[in-house]
Amino acid sequence: MGVIRAEPARVTDWAAKSVGAAWRAFDLQLTTYAALLVAIGLVMAYTNSVEDGTVPLSAGTTFSRGLMWAGIAVVVFVLTTVFDYHWLKTLAWPLYGFQLGLLVLTLAIGDGVGGSARWVAVGPLTFQFSEIAKILMIIVLASYLASREGKLDSLASIIGACLLVGPPLILVMLQPDLGTSLVFGGILAGMLWMSGASLRWLVLLGVGVLAMIPIAWTYILRDYQKERLTSFLDTNPDIQGAGYQLHQAQIAVGSGGIVGKGLTNGTQTQGDFLPVQATDFVFATLAEELGFIGGVVLFTLFVLLLWRVLVTGWRSRDAFGTLFAAGVASMILFQLVVNVGMVLGIMPITGIPLPFVTHGGASLVSMAAGLGILQSINIRQTRAAW
Amino acid sequence: MSAFLDERPRPIRSVSRFATFGLIIVLAVTGLIGRLFYLQIVDGSRLATLSVQNRTVLEAIPAPRGLIYDRRGRLLVANVATFVVKLRSADLPVDSRPVVVARLAALLKKDPADINATIDGNPGSTFDLVRIASDVDEATARLISEADFDLPGVEVAVEARRQYADGPLMSQILGYTGPVNGDQLKVLKDEGYLPDDLIGKAGLESKYEAELRGIYGSESVERDASGRKTQVLQTVTEAQPGDSLRLTIDTKHQEDAQKALVWAMRKVGIKRGVVIVMNPQTGEVMALVSLPTYDNNDFARGISNAAFKKLLRNPDKPLLNHAVQAHYPPGSTYKLVAGTGALADKKITPTTKVLTKGYLTIGSTKYYDWNRQGFGACDIYCGFGHSSDTFFFQMAGKLGIDRLGYWAKQYGFGAPTGIDLPGEVSGIVPTNRWKQAALGAPIFPGETYQAGIGQGYDVVTPIQLINAYTALANGGTLYQPQIVREIVGPDGNVVRPFEPKVLRDMKVPGSVLAVMRNAARSTVTLRHTYNLVDLPIKVAGKSGTAEFGLRDSKGRLPFHSWFVGFVPKDEKNGSFDKATSDLVVLAFAYDSRTKGNVATEIVKYYLQLHFDIKKDYRLPDLLKRGNFYQSN
């Protein structure tokens, strides 16, 4: 008679195996590239704080706030990684409502420059909810399109996606924040493309958007928006007026040369010639102080990061994962091109942050959430890695 | 394991769509790198130059302003370092302007309205500094420079300001400097004037602006976007200090002149007066006092709007130099012109006797002598000595208005003397042509009479009148009066030495002027001027009582008093036959209704001080309010 040995299951073993498997599936590269970009952002925040003439680590400087937000971003990243992304599909509709709520709240109580409503004060912090709205939009769109798997080449899918993006886009436009609403458009385009939407309808949609431009130009855009949108096209710009920022930014970039003037040595930055150098024009500071080499390093990091994001999308066993990755990649690429292009004078001036690098809490936190969800997708695929 | 996987639907991923997306990423980043390459490497050197230009600008180095000394080398104007508060409106947000202005006003103890007016009156652009306050004390300057955060756009700088050693004593001569205004700046910008620059506004500070200012240097400085100087890179050209002035004015004489004038004005309650002392052999002005006056140090410290308006509102015009910038009827002092003319044109000889009466009539109008009895038959010595009006009515009548005008112009009336003070006026010498042009009618005979005794249309500046008597005293040379003797370069070398400037050698025989000098002496010896003859020095001269304005209840007109006197070189024993005098003194008292001639008392007192005469000959009784004119 044998003795049946009843042994309790070894929970620790299971947990260790599970964590080990998760760790093997975790995309270390993706996180590394993002962390390096954030580090570059902090270095820029440091050099801009030096420019302010303050001790960089003292409270309230761009640098110390950047550090604080980076800390928050790490927490958000870890939480979203641990969170099972499958739940997001279930939560999609509540999240959509939450997103619209945030944007309506911004319009109602937000502050901004010159009568606009962009930031909402949460305790001592100001928060740009439209940044959070972008990542929520990606979740909602991904789950909508995933739910229509198999019918994605129909016109209905495209129209449905457009209808979903419409309300938040309009709410952001009302703030008014033209740049962020364009990002919504970029996300929509990128995700529809990757969903395999019918090319015919996509082309038609593109033509429709182009046709809308003159109408928007006449009836929706305000004069200052038009001025900013077109000032980069002006061959003989008013360098003391509307073209001042652009002119100074190009001087900053150009005077950087191959290796740059060295950190904290940028005369354009330190001399305060560059407006909003800590936020939207941070690339100008980077190009001035770190030069062409610094710029190429930054671009390389972005390309590597985008590659890893697309790899995550490719590896995903479900449509949601693929589409979510496509949305994040579209958002990063769109913002990179528009932000850097603006500094380099080949894109209109729109207030779009440079992902990870721009100091700006909400942007960094929403990027961290995006990466966290991507890692969540990575570690919840049972198939071997690419 | 694989079976489990295969039962799930194929993901929607499509190689072509992923590849296209990847291609877009590569193309987009390549485009950005290409543009970056173009800006940083292809166009880099041009933009690098722009970045250097961006922060280096040429900035002016103000030159130390020239100093001013009196004729004995006493320093009258010095430059002292003071704190000034300036504001660049471009750095002052519109919303916070009221708060910042209010804070500044409280710190500087100024009226916020004044500060706002200064900011709005800024002649330059909003990027230029505006001077808000000068001569700020050190404690306040420190407070303001440390409160950087609460006072955006406000800067404290150290600048030289003028310090006038004697204040009101010399204000009418030296003048003051003040902020350059918009109209001036438009013209002077090309000469290197800065929007927050100072410029001579009155007196010698204004007249000799070009010499005193010097030549501003320039330095290339590094600045930030808001224009703040971050460091000086190099001095491009050194500032060249302005030239200094050495005046003909003697502080001692100036003090004596002021003392004499103030004494009489206080005693009588006269509101305006002038004393001028000149050397008739050179045209040098040794003292020039015009009262009321102001303290030019108030301007140097930055006068408040209220104080400036108060000066402007004062009916006796303290900002006006009454010696050169105002003209008044000369009264009997003008009889010099008619007397000289009648002798020179041979209408009379020195011995010709003319009957003087209580009045002369033209048509139905009576022209009264001040003495209603007349003086009987009078030669020039008697007529001039007693200042007989009817004598000079007849002289004027013999000459006619145009010859009278000719001789007036020979003495320098009707034209600026060219004294080196700003704003000199010409006075009026009536002639037929003048009256036709000005009033559209010829001169009437009665007007010729009036012109002969310095009434009617005749108006002169005190400097013209004393200058006419210097020509009498020196034998017929009309000099240009000068206040600045020499201009001295910053190295101490004389840049412009003193040289008398002759306006005209009068077309008159020396003998005629000798007669007129002795006639002027008879004014004193005939005791027309009371005890002036008792002074231990010899004085010749002429008093004048010039009516103006409106008649009082008794039909009497108010009047000004004049006296111009001169003494021979040997003041104790000299004779007036020779033209050796080196001292002419003029006194003018505006609206001085007294029993006697105040101006004569002023000159007498001045001479006592000048020659250090111990005994006091002044007759205060004559300074009692009264009116020696009868009603007529």
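Tutor: Helices (H or I, at least four residues) and strands (E, at least two) are DSSP runs, numbered from the N terminus. This is a predicted model, in which local features need pLDDT of at least 70 and side-chain atom pairs count only at pLDDT 80 or more, while totals for chains, interfaces and linings use all residues. Residues are numbered from 1 along each chain as its sequence is written, and chains are lettered from A and ligands numbered from 1 in the order in which they are written.

Student: In which loop of chain B is R527(B) found?

Tutor: R527(B) is not a glycine, yet its phi is positive, at about 60°. As for its place, R527(B) is found in chain B in the loop between helix 20 (510-525) and strand 21 (540-547).

Student: Does R527(B) count as buried, exposed or partly exposed, and why?

Tutor: A residue is buried with 20 or more other C-beta atoms, placed from the backbone, within 10 Å of its own, exposed with 12 or fewer, and partly exposed in between. R527(B) has 13 C-beta neighbours inside 10 Å and therefore counts as partly exposed.

Student: How many C-beta neighbours inside 10 Å does D591(B) have?

Tutor: D591(B) is a residue other than glycine with a positive phi, near 50°. Its place is the loop between strand 23 (583-589) and helix 21 (598-610) of chain B. D591(B) also counts as partly exposed, because its C-beta neighbours inside 10 Å number 17.

Student: What is the omega of the peptide bond between L291(B) and P292(B)?

Tutor: P292(B) lies in the chain B loop between strand 12 (284-291) and helix 12 (296-300). The bond that joins L291(B) to P292(B) is cis, with an omega of about 0°.

Student: Which strands are the edge strands of the open sheet in chain B?

Tutor: The open sheet has five strands in the order 12-11-23-22-21, with antiparallel pairing; two strands pair if DSSP finds at least two bridges between them. The twist averages 10° from one strand to the next. Each edge strand pairs on one side only, and in chain B these are strand 12 and strand 21.

Student: Which residue of strand 23 does V274(B) stand opposite?

Tutor: Strand 11 (residues 273-279) and strand 23 of chain B run antiparallel and are joined by six bridges. In strand 23 of chain B, the residue opposite V274(B) is F588(B).

Student: Which strands of the sheet does helix 21 of chain B touch?

Tutor: Helix 11 (residues 251-268) of chain B packs on the sheet, touching strand 11, strand 12 and strand 23 of chain B. Helix 21 of chain B also packs on the sheet, and its strands of contact in chain B are strand 11, strand 21, strand 22 (559-567) and strand 23.

Student: Turning to chain A, how many residues apart along the chain are A362(A) and S130(A)?

Tutor: A362(A) is found in helix 14 (residues 361-379) of chain A, and it counts as buried because 23 C-beta neighbours lie inside 10 Å. Leaving aside its neighbours within four places in sequence, A362(A) is in contact (C-beta atoms, placed from the backbone, within 7 Å) with residues including F127(A) and I132(A). The C-alpha atoms of A362(A) and S130(A) are 8.4 Å apart, while their separation along the chain is 232 residues.

Student: What percentage of the residues of chain A count as buried?

Tutor: The secondary structure of chain A comprises 14 helices and two strands. Among its 386 residues, the buried share is 51%.

Student: Which helix supplies the largest share of the side of chain A that touches chain B?

Tutor: In all, 43 residues of chain A are in contact with 32 residues of chain B. Several helices of chain A supply at least two residues each to this side, among them helix 7 (178-195) and helix 13 (319-343). The largest share, eleven residues, comes from helix 12.

Student: Are helix 6 and helix 7 of chain A roughly parallel or roughly antiparallel, and why?

Tutor: Angles run from 0 to 180 degrees between N-to-C directions, with axes fitted to C-alpha atoms, for helices over the stretch in contact; under 35 degrees counts as roughly parallel, over 145 as roughly antiparallel, 65 to 115 as roughly perpendicular and the rest as oblique. Helix 6 and helix 7 of chain A pack at about 165°, with their axes 9 Å apart. Residues of helix 6 of chain A in this contact include I158(A) and V165(A), and those of helix 7 of chain A include F184(A) and L188(A). Helix 6 and helix 7 of chain A are therefore roughly antiparallel.

Notes
Two residues are in contact if their C-beta atoms, placed from the backbone, lie within 7 Å.
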